[in-house]
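Welcome! Here is a short briefing to read beside the sequence and the 3D view. Take it one topic at a time.

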Amino acid sequence: MKGLNLLCCCVASLLLLGTAEEVEDASEPTKRDRSHLESTLKLNEDKPADDFSGVLQRLRKIYHSSIKPLEQSYRYNELRQHEITAYPGRTLGSSATDGEITSKPMVLFLGPWSVGKSSMINYLLGLDDTPYQLYTGAEPTTSEFTVIMHGPKLKTIEGIVMAADSARSFSPLEKFGQNFLEKLIGIEVPHKLLERVTFVDTPGIIENRKQQERGYPFNDVCQWFIDRADLIFVVFDPTKLDVGLELEMLFRQLKGRESQIRIILNKADSLATQELMRVYGALFWSLAPLINVTEPPRVYVSSFWPQEYHPDTHKDLFLKEEISLLEDLNQVIENRMENKIAFIRQHAIRVRIHALLVDRYLQTYKDKMTFFSDGELVFRDIVEDPDKFFIFKSILAKTNVSKFDLPNREAYKDFFGINPITSFKLLSQQCSYMGGCFLEKIEKAITRELPDLLGSIGLGKKPNILSCDITGCGETPKNRYRKP
């Protein structure tokens, strides 16, 4: 009898032990295979990243010698406050630094709070359950603008340090004040993907909070990052589809950047098929008034985190959507140099148009001035009604300028309000015997130098050290008198 009791106790102990192990296993969700992520983003390749140092040196040389002089002479940076109305889309900072020209592609994450932005970054970089992972939770967790970039070891950089370092591309952020710099943080992570791209995680949009309570100009800071982003992920989840004033303002700032926007409906595996269809339709219904374009941005439906998809959901669909997004991201990385050169050329075109307009305003002012004229009244008449003096039409008639590239006329009222017309010189006077003419140099850059540089990448002919020596693209000169 005692033996039987002992046997029953042993069996019961084994059953309890097995049950405890099952409970322990159930508490740890299984993680998905990451092989598709590593293969699509080419993280498992041993070959080094393409070396575009020669191209970047030539690009810096072209910018500093052919574009920047005209940009500074006609104070193009003073027009940037009107870039949303004048020039929708990406622009360089005022007198762009080398760090901004040579920076890696930037991927910006926007959206309401707790929709999975930080979790998505953790998943893409494989940071879950590591000391590097970003903090996530059901409550609003990200209150800072977090820049995740590559570094030899894990390191946190304060916003004050990032703004003070001119070698980085974030020094212009200092203009938003010290309160903002306390909400800016950089994290360096030794990850292969970050060698080719930089991620920016933003504070979640909370519609019931007044904008001024943040303590810094939130929308202005978002605009700065939007202007420099190569890809913009706007993330939603099934529980946060409502559109308030802050989100509406954000989409207004995204106007003109539709080609860079990707809408992500995250946490899709938490819904049954019928519910997912309704939520997908509700998302389009909410965003339709905000994205008034013929071709809407691409919408990705999946769950971007490492855990296995919930059972009885469309796993194959979610996986295909995820791979499509990864291919989208990889395409931006692969085309980073082409995009950068095209962006600099676009900037040069805008600087040239601005210089031509200021020159035309100045020439008209000189023609209308007489010995008895009041200069202030004469110029006020020109600024108030430039069409009466054919300012913009004359630019279209005499130069190869598209009417769609002309800036807003209203922008020049404020521009000349802080920049007197008499402080500028005519383009014909911006010439020197040794340096040539500013206008000719920027036109040469637009029509020849930048397209040739772009073509050299397309043909796989990356400029080497020799070609840099010939063209003077910034290589350190060799000491001819040093013995070998």
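Two residues are in contact when heavy atoms of theirs lie within 4.5 Å. Helices (H or I, at least four residues) and strands (E, at least two) are DSSP runs, numbered from the N terminus. This is a predicted model, in which local features need pLDDT of at least 70 and side-chain atom pairs count only at pLDDT 80 or more, while totals for chains, interfaces and linings use all residues. Residues are numbered from 1 along each chain as its sequence is written, and side-chain values use heavy atoms, with hydrogens and water left out.

**The overall picture**

- The protein has 18 helices and 10 strands.
- Of its 484 residues, 46% count as buried; buried means under 20% relative accessible area, exposed means over 50%, and partly exposed lies in between (1.4 Å probe, protein chains only).
- Among contacts between residues at least 6 apart in sequence, 79% join residues at least 24 apart.

**Helices α13 and α14**

- Two packed helices are described by the angle between their axes and the distance between the axes.
- Helix α13 (residues 336–368) packs with helix α14 (residues 375–384) at an angle of about 135 degrees, and their axes are 10 Å apart.
- α13 is therefore oblique to α14. Angles under 35 degrees count as roughly parallel, over 145 as roughly antiparallel, 65 to 115 as roughly perpendicular and the rest as oblique.
- Axes are lines fitted to C-alpha atoms, for helices over the stretch in contact, and the angles run from 0 to 180 degrees between N-to-C directions.
- The crossing of α13 and α14 is right-handed; a crossing is right-handed if the near helix is turned clockwise from the far one by less than a right angle, and left-handed if anticlockwise.
- On the α13 side, Y361, T364, Y365 and K368 meet G375, V378, F379, I382 and V383 of α14.
- The residues of this α13–α14 contact divide into 6 nonpolar, 2 polar and 1 charged. Here Ala, Val, Leu, Ile, Met, Phe, Trp, Tyr, Cys and Pro count as nonpolar, Asp, Glu, Lys and Arg as charged, and the others, Gly among them, as polar.

**The nonpolar cores**

- A nonpolar core is a set of buried Ala, Val, Leu, Ile, Met, Phe, Trp, Tyr and Cys residues joined through side-chain atoms within 4.5 Å.
- The largest core has 51 residues, of which Y361, Y412 and F416 touch the most other members.
- At least two residues of this core come from each of α3 (53–73), α13, α14, α15 (391–398), α16 (411–418) and α17 (438–458).
- α13 gives the most to this core, with 14 residues.
- Apart from this core lies another, of 48 residues, including L110, F180, Y216 and A229.
- Leaving aside neighbours within four places in sequence, Y361 is in contact with F379, I382, V383, P386, I391, F392, Y412, F416 and I421.

- The axes of α12 and α13 come within 5 Å and cross at roughly 60 degrees.
- α12 is therefore oblique to α13.
- V332, I333 and E334 of α12 make this contact with R336, E338 and N339 of α13.
- By class, the α12–α13 contact has 2 nonpolar, 1 polar and 3 charged residues.
- F318 sits in helix α12 (residues 315–334), and F318 counts as buried because its relative accessibility is 1%.
- F318 and V301 are 17 residues apart along the chain, and their C-alpha atoms are separated by 6.5 Å.
- Beyond neighbours within four places in sequence, F318 is in contact with A268, D269, L276, V301, S302, Y309 and T313.

**Loop residues to look at**

- Most residues other than glycine have a negative phi.
- R75, in the loop between α3 and α4 (83–86), has a positive phi near 50 degrees.
- R75 is partly exposed, with a relative accessible area of 28%.
- S114, in the loop between β1 (106–110) and α6 (117–125), also has a positive phi, near 55 degrees.
- S114 is buried, with a relative accessible area of 16%.
- L79 is found in the loop between α3 and α4, and L79 counts as buried at 3% relative accessibility.
- L79 and A411 are 332 residues apart in sequence and 7.1 Å apart in space, C-alpha to C-alpha.
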